[in-house]
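We'll go from a helix pair to aromatic rings and then to the nonpolar cores.

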Amino acid sequence: MTRASSSSNKLKFSQKEYLTHRKVPISIMILAMFVADIIVPAMFLSDADRVNIWQNINKAFSAANVIWPLAVLFLGVYLGADSFHYLHVEKQVDFYESQPLTRKQRFWGIVLNSVLIYVVLSAAFMLVGILETAGTTWPHLGQIFADAVGYYFLCFGVYLASYALTVLAMILTGNTFVALLGTAYLMFFELLVRCVAAFYYHSLCMTTVGTDTFKHIFTNPYALVVIDSSHPKAFMFWLNCLLGLVYLALACLALQKRGSEAAGQALAFKWCETVVTVSGVVLGTIVAASLGYSMFSKNLPATFALALLAGLVLGAILQVIYRFDALAWKKHFVWNLAMTAIGLAIFGAMDYASYKHDAYVPDQSKMASMAVFPPSRDYWATYYTDKYTASGKEVSSFQYRSRMKLDPALAYALGKEGAKTAVKDHKSDSSSGFDMYVIYRLKNGQQVRRHYDISLKAMDKYFQKISQSAEFRKNYYQLYQDQALLTGKHVIRLSNTNGYSTKSLKSKQLYKDFRAAYKKDLESKWSWLMAKRTGEIATVTVSVLGTKVGQEYPVYKSYVNTLNVLKKYKLNLPLAPGQYRDNLTNDFYIGD
């Protein structure tokens, strides 16, 4: 018999043996899948609306179901802990070490058994669940099957990664409770780091724009697939599988070097204590400082005191866990103090870096153009642009207005004032100025985006000329770039309100006349100071049926051309009492 065939026979034998000893894990997995794939879809069959039935069943077997991947994660953790629990029991270690299998053979035999249990049971229950409802959903059975196949692989990736991570933690430790704590720490470590990054960009820094630190979370198997569950991607499956294989390879390597005497100890390797203490205490101190900074209204002495206490307490708790001794908290006190000090130093560096971030304004000679616009007027508005005439695709107001290309000589002073104010108010919790987005476009192609709080006095001084420029008007009002509206087949509706009552009319010709009249009024009357000092008497809303598009255009008493068009189409309304005019849209929401 060759060596390869001998190993194969041992593997086949061990698979049968493993199954006989895993009745409880298999039963738990069967119960969970029976509820998720059989009971839940059957519950949807009682819905009187057949459309709701197939849609709900489709959600149960697609990425829209974010509950089952969480259950799969827990199943992976449980199977991982069950697979190598014997390593934490001294008698079982001695028994398995005496068997005619190498550690490596036993490791991969257990892993293969755990993977096969999930793969076979999950596929079987999902198939039965879909067929169970086929009599009602048969017109959409193809789509349900297609979504279910992708969902099956997505969930398998979650299972493999969570299982492998738990196996690694089980082998690096000598106690199952400690291993589960280690699994949780490894799963949440990246999330905690991203929380610190989010705190830096959105609490320490006052001028950050568009930094999404939680767009992807790579090392948490569940977060990876649900953070963008509405748009599942293949890389979510492949990355979880890749990480799972890496964890298993590391676990197998660690098992070869693990001493048999590690059973019952907190950690199987001395270096684990150093790694966990350094990363845990330093990160814990930074997290505590971040929380304290918000709790104590940016009071740095109170923040540092809380973080110091948290770091030392966390270090003491870790020492107790390592030694299973309540009095071990005082061990390595100086070392824990040093790690806490490093965490405080990093937080202090973050605070200093936030000053530099807010104060930074690119050199004017390096800039090609700028964009300056307030975010408040129609933050949720969407725009129907020329570029997407064929598809009718909409873009956000930020995307639309960020195309603005102002001469830096015109807008640079406003940016400098915003940065100056940000540094001055760095420790302030409140703001009384006016919100403005500023985008610096550099000649090398890079962009620097900032969100400033600028005083009304500074706005009067620096923004007035910007508001009177044709480039600003063109990118602040879509009627300057509305060819898609004029040439498209969608129905355009104009609604005029005085804050109390509303009149509406669907007419593309009305829109053409309105845009021409409104342009004339804008170019002859409109500016920042005019909008600031003048009360609106009406608001015209332009909407496109069948899309999310909708922009609001304030109407002032001096807008004679616009008022004449509204009167021509019988959309004019009398001036409403003052309390109703508060409902009207202001160009900049000044005072709101």
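## Two helices in contact

Tyr355, Asp358 and Ala359 of helix α14 touch Ala419, Ala422 and Val423 of helix α16, where contact means heavy atoms within 4.5 Å. Sorted by class, that contact has five nonpolar residues, no polar ones and one charged. Here Ala, Val, Leu, Ile, Met, Phe, Trp, Tyr, Cys and Pro count as nonpolar, Asp, Glu, Lys and Arg as charged, and the others, Gly among them, as polar.

The axes of α14 (residues 333-359) and α16 (residues 408-424) come within 8 Å and cross at roughly 155°. That makes the two helices roughly antiparallel, a label for angles over 145 degrees. Axes are lines fitted to C-alpha atoms over the stretch in contact, with angles from 0 to 180 degrees between N-to-C directions. Helices are DSSP runs (H or I, at least four residues), numbered from the N terminus.

This is a predicted model, so to speak of local features takes pLDDT of at least 70, and side-chain atom pairs count only at pLDDT 80 or more, while totals for chains, interfaces and linings use all residues. Residues are numbered from 1 along each chain as its sequence is written, and side-chain values use heavy atoms, with hydrogens and water left out.

## Aromatic rings

There are 34 aromatic pairs, counting rings of Phe, Tyr and Trp (its six-membered ring) with centres within 6.5 Å; planes under 30 degrees apart are stacked, over 60 edge-to-face and the rest tilted. Phe463 and Trp528 are edge-to-face, at 5.7 Å centre to centre and 80° between the planes. Phe463 sits in helix α17 (residues 456-467) and Trp528 in helix α21 (residues 528-533), so this pair ties together parts 65 residues apart in sequence. Both Phe463 and Trp528 are buried (under 20% relative accessible area, 1.4 Å probe, protein chains only).

Phe514 and Tyr518 have ring centres 5.3 Å apart and planes at 35°, so they make a tilted pair. They are four residues apart in helix α20 (residues 508-525), which means about one helical turn separates them. Phe514 and Tyr518 belong to one aromatic cluster whose members also include Phe463, Trp528 and Tyr477.

## Nonpolar cores

Which residues touch the most other members of the largest nonpolar core? Of its 96 residues, they are Met29, Trp68, Phe84, Phe107, Tyr118, Tyr163 and Ile171. A core is a set of buried Ala, Val, Leu, Ile, Met, Phe, Trp, Tyr and Cys residues joined through side-chain atoms within 4.5 Å. Helix α8 (residues 141-172) supplies the largest share, 19 residues.

A second, separate core of 60 residues includes Val372, Leu406, Tyr477 and Leu566.

Key. Parallel < 35°, antiparallel > 145°, perpendicular 65-115°, else oblique. Buried < 20%, exposed > 50% of the residue type's maximum accessible area, 1.4 Å probe, protein only.
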